Amino acid sequence: MVAKKIILSNQKGGVGKTTTAVNLGAYLAQMGSRVLLIDLDSQGNLSSAVSADMKLPSSYDVIIGRCTPEEAYQKTPVENLHVIAGGIDLAGLSVELVNELAREFFLKNALAPIEQNWDYIIVDCPPSLGLVTINAMCWTEYVIIPMQCEYFAMEGLNLLMRTIANVKKQLNPHLEILGIVFTMFAVRTRLANDVVDDVTAYFPDKVFETKIPRNVRLSEAPSHGLPINLYDRTSAGALGYESLAEEVAARV
Ligand SMILES: Nc1ncnc2c1ncn2[C@@H]1O[C@H](COP(=O)(O)OP(=O)(O)OP(=O)(O)O)[C@@H](O)[C@H]1O
Ligand SMILES: [Mg+2]
């Protein structure tokens, strides 16, 4: 078995990439899969959301070859769910890689030795389309795009779609969009439903059936270092991510 590879990407900040990576990973692990989360963001939000020890080696150390992925992964509070932490070193990585040969493939080469050991490897990207995100796109098979239902959502989406198409054409022919997931969804608002209709019209097969509701429990859970399945498994947010995990497992 080779791991299913998924990245969470959207260059827009605060759309729910990290929340989706953590909780999708947690439910896939709860369903019995061995899941590795990788934090590629210098903010380290994913790492703290699963109580990672930031003193241990990070994804930066793995990417630059200072240590192996086996030396960097650590346990989380969820059984079957492990993490390679992110951290501040990642902030300078794009600049460090820029003059390297095959600079887009550092993540892919670094992770190659461990792909047999996991059912899923899920990577949380930073809010940019810089070299770190391009490394993630060159490694993965699937992109999940979290989106908030805002008026300008479509504009950012077009740039992201073009970037994915370019990477697919020039660097990684296996790259596919697994789906677009709406986060912080407000069911009864006109705007939310209009945005979903617009995006669905442009990308008919790509929008996940599951919409993640706006739910305060999802925003509280990271401060306790727990994914939502351990923090409040009966909350609307938990039910949303459980349903998304089932949809993802069926699609990959
Ligand atoms: N469904 C939700 N309901 C309520 N709050 C949410 C929900 N999803 C995410 N949040 C909160 O919104 C904020 C942004 O979410 P998150 O960190 O997941 O986005 P992001 O895309 O990873 O951000 P960044 O681009 O900074 O990495 C966080 O404070 C998070 O707790
Ligand atoms: Mg994030």
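This is a predicted model: local features need pLDDT of at least 70, side-chain atom pairs count only at pLDDT 80 or more; totals for chains, interfaces and linings use all residues.
Local features need pLDDT of at least 70 and side-chain atom pairs count only at pLDDT 80 or more, while totals for chains, interfaces and linings use all residues; side-chain values use heavy atoms, with hydrogens and water left out. Residues are numbered from 1 along each chain as its sequence is written, and chains are lettered from A and ligands numbered from 1 in the order in which they are written.

**View 1. The sheet, strand by strand.** Here you're looking at an open sheet of 7 strands with mixed pairing, in the order E3-E4-E2-E5-E1-E6-E7. Its edge strands are E3 (74–75) and E7, each of which pairs on one side only. Strands (E, at least two residues) and helices (H or I, at least four) are DSSP runs, numbered from the N terminus. Two strands count as paired if DSSP finds at least two bridges between them. In general, strands of a sheet pair through backbone hydrogen bonds, either parallel or antiparallel.

**View 2. Strand E1 and its two partners.** E1 pairs with E5 (residues 120–124) in the parallel sense over 5 bridges. Look for Lys5 opposite Ile121, and for Leu8 with its bridge partner Asp124. E1 also pairs with E6, again in the parallel sense, over 3 bridges, and Ile7 stands opposite Val143 there. How many of the 5 residues of E1 are buried? It's 4, so E1 is largely enclosed by the rest of the structure. Buried means under 20% relative accessible area, exposed means over 50%, and partly exposed lies in between (1.4 Å probe, protein chains only).

**View 3. Strand E7, next to E6.** E6 and E7 run parallel, joined by 7 bridges. Val143 turns up again here, with Ile177 in E7 as its bridge partner. Since 7 of the 8 residues of E7 are buried, this strand is largely enclosed by the rest of the structure.

**View 4. Helix H12 and what it packs against.** H12 (residues 236–251) has 16 residues and reaches 23 Å from its first C-alpha to its last. That's close to the 22 Å expected at 1.5 Å a residue, where the expected span is 1.5 Å times one less than the number of residues. Its buried residues include Gly237, Tyr241, Leu244 and Val248. Which strands do the buried residues of H12 pack against? They pack against E1 (4–8), E6 (142–148) and E7 (176–183), and also against helices including H1 (17–30). Contact means heavy atoms within 4.5 Å.
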